[in-house]
Amino acid sequence: MMTRFHYFLLCLFSLVLHLPTYAMTLPERGPVEIIFINLWDEYYTPTTIPDKEAGVTRIYLQPDINIDTQVVSQFVKSNPQFKGLKIDKNQRIALSLGVWKTPSKVFMFDGKAKRISYLGTDTENATVSHDGILTPLTANQSVKLTDIDGNSHVFGQKRSPQVLFFSDALCPFQHLPLCEQKIAANNQLVNITTLPVKTIIKPFYISMDDVRAYKTRFSLKHPVILDQKNQLFQKYQITSLPYWVVLNAQNEIIFRGAKPPKRL
């Protein structure tokens with residue numbers, strides 16, 4: 001059974017997309033309701049779609065993962081309530097609107113998103129909403145976080161050099177290419193470097209249970225920290241995952257990259 005689909009956010013702040021460039025064109029005037037579903041999930045857990053309001057244009061979109069138009073057509077034949085379902089090529093519309101999970105509904109007016117609603121039935125223990133996660137940082141502001149074992153860690157102050165490995169607790173997943181190999185490479189790095197290594201997990205739709213499962217799944221022996229307010233991802237401008245950052249004693253970045261540092 002395919003797990004509930006999560007969208008992978010590369011960078012909320014640097015990704016700027018404009019609707020007119022998409023393969024499909026969204027209405028630029030009036031009220032529009034976009035329903036994001038994942039048909040693979042619908043076969044197991046059908047979504048209860050709210051009634052459409054009068055005068056509102058409704059559009060159904062499907063993520064562009066392991067899918068083609070023939071599969072979509074067959075699905076719609078069996079599920080006519082999703083008539084008109086289109087593939088969101090490369091998840092561009094979902095990412096531009098800030099939709100991280102299916103099923104979700106986005107209400108738009110005159111081309112601008114006004115409201116995002118999750119239509120699933122996950123419990124709060126299993127899923128954490130992204131609402132309120134983003135907390136702006138002032139220049140040179142330090143960040144204090146606690147790892148899943150209860151130990152405190154401060155970032156942004158002068159202290160011992162360290163390695164930060166930014167990752168996603170959803171690994172392995174389609175939108176995290178080579179994540180398992182990179183986690184294994186980071187574990188090797190832990191064994192050969194004298195610097196402390198810390199794994200930082202992105203917060204979007206991730207619970208502490210997911211983080212604990214991640215640590216167990218990959219047999220991690222170093223601190224694993226959930227960046228609950230997305231502060232470190234902002235502070236160090238992380239735009240892809242998995243990703244390494246090495247900080248010196250002055251909290252300056254001396255290495256960053258999608259491959260582990262060769263020398264420390």
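Helices (H or I, at least four residues) and strands (E, at least two) are DSSP runs, numbered from the N terminus. This is a predicted model, in which local features need pLDDT of at least 70 and side-chain atom pairs count only at pLDDT 80 or more, while totals for chains, interfaces and linings use all residues. Residues are numbered from 1 along each chain as its sequence is written, and side-chain values use heavy atoms, with hydrogens and water left out.

Begin with S219, in the loop between α5 (208-217) and β10 (224-226). S219 is not a glycine, and yet its phi is positive, at about 50°. With a relative accessible area of 49%, S219 is partly exposed, a class that lies between buried (under 20% relative accessible area) and exposed (over 50%), as found with a 1.4 Å probe and protein chains only.

Next, select L241 and P242, whose connecting peptide bond is cis, with omega near -15°. P242 belongs to the loop between α6 (231-235) and β11 (243-247).

Then move to N251, in the loop between β11 and β12 (253-257). N251 is another residue that is not a glycine and has a positive phi, here about 65°, but N251 counts as buried, at 16% relative accessibility.

Finally, show the whole protein chain, which comes to 6 helices and 12 strands. Of its 264 residues, 47% count as buried. Where contacts (heavy atoms within 4.5 Å) in the protein chain link residues at least 6 apart in sequence, 71% of them join residues at least 24 apart.
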